[in-house]
Amino acid sequence: MTIFAETQTAGVPEIITSLFPNFPNFIAHFIATIVLVVILWKLMYKPFRKTIKDRRNKINELLSEVVQKQTEANIGVKKAEALLQDAKTESSLIIQTSKVDADIQKTHIITEAHKYADIIKNQAEKDIAQERSRVEAEIKKTIVNVAFDAAEQILQKEINKTKNKQIVDEFIENLDK
């Protein structure tokens, strides 16, 4: 109990001194805390903020670059679509022009073929007419010659009906030979 008695009488001022720290200790602790905060600020917080700021800048640069590349890609896609549309239009125009040219050539070829056929037909008709004229002239000449021969034979012989018939029959037989 002696310990308890000592602490009781001596303990009251100790409790009060323990509850209220002395001012120089308080100032030393306060200054140490401020120095610690400043050192941590300089050594940890500033580099940490700088790193975060650098990363934020890098991310912003990457995002800007991505946006720029996306914009360029969209422009490229639009140009490609425009080129594709132009190519489709041009190919359609070429096909239509080719069809028209083919129709014109077809018409031209058919017209030329008809002209050539007409020329051949006219030439053939002329050849036939000339051959007909030649054959007719030959036939007329032959008929005239035959008529002269018949007339000559008739005039050489005496004419009577029976004899005339016999001369004509002989003449016809000689023609067949």
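Glu 65 and Lys 69 stand 4 residues apart in helix H2, which separates them by about one helical turn; helices are DSSP runs of H or I with at least four residues, strands are runs of E with at least two, and both are numbered from the N terminus. The side chains of Glu 65 and Lys 69 meet in a salt bridge at 3.5 Å, N to O. The structure is a predicted model, in which local features need pLDDT of at least 70 and side-chain atom pairs count only at pLDDT 80 or more, while totals for chains, interfaces and linings use all residues. Residues are numbered from 1 along each chain as its sequence is written, and side-chain values use heavy atoms, with hydrogens and water left out.

**Confidence of the model**

- The protein averages a pLDDT of 82, and 82% of the residues score at least 70; pLDDT is the predictor's confidence in each residue, from 0 to 100.
- Among the elements of the protein, the highest mean pLDDT, 88, belongs to helix H2 (residues 23-156), and the lowest, 55, to helix H1 (residues 2-19).
- Over residues 1-9 the pLDDT is below 50, and this stretch has 2 contacts in the model beyond near neighbours in sequence, a contact being heavy atoms within 4.5 Å.
- Where pLDDT is low, the predicted coordinates should not be read in detail.

**Annotated segment**

- An unreviewed UniProt entry annotates residues 26-45 as "transmembrane region"; UniProt positions are given in the numbering used here, feature names are shortened, and annotations may be inferred rather than shown by experiment.
- In the model, residues 26-45 are 100% helix and 0% strand, and the end C-alpha atoms of the span lie 26 Å apart.

**Aromatic pairs**

- The whole structure contains 2 aromatic pairs, defined for rings of Phe, Tyr and Trp (its six-membered ring) with centres within 6.5 Å; planes under 30 degrees apart count as stacked, over 60 as edge-to-face and the rest as tilted.
- The pair of Phe 26 and Phe 30 is stacked, because the ring centres are 6.4 Å apart and the planes are at 20 degrees.
- Both Phe 26 and Phe 30 lie in helix H2, 4 residues apart, about one turn of the helix.
- Phe 26 is partly exposed at 45% relative accessibility, and Phe 30 is partly exposed at 47%; buried means under 20% relative accessible area, exposed over 50% and partly exposed in between, with a 1.4 Å probe and protein chains only.
- Trp 41 and Tyr 45 form a tilted pair, with 4.4 Å centre to centre and 35 degrees between the planes.
- Trp 41 and Tyr 45 are also placed in helix H2, 4 residues apart; Trp 41 is partly exposed at 41%, and Tyr 45 is partly exposed at 35%.

**Salt bridges**

- The count comes to 4 salt bridges, each requiring a side-chain nitrogen of Lys or Arg within 4 Å of a carboxyl oxygen of Asp or Glu.
- Lys 50 and Asp 54 form a salt bridge at 3.8 Å, N to O, and are separated by about one turn of helix H2.
- Lys 50 is exposed at 54% relative accessibility, whereas Asp 54 is partly exposed at 39%.
- Arg 134 forms a salt bridge with Glu 138, with the closest N and O atoms 2.7 Å apart; both residues lie in helix H2, 4 residues apart.
- Arg 134 is partly exposed at 41%, and Glu 138 is partly exposed at 43%.
- Salt bridges that share partners join Glu 131, Arg 134 and Glu 138 into one network.
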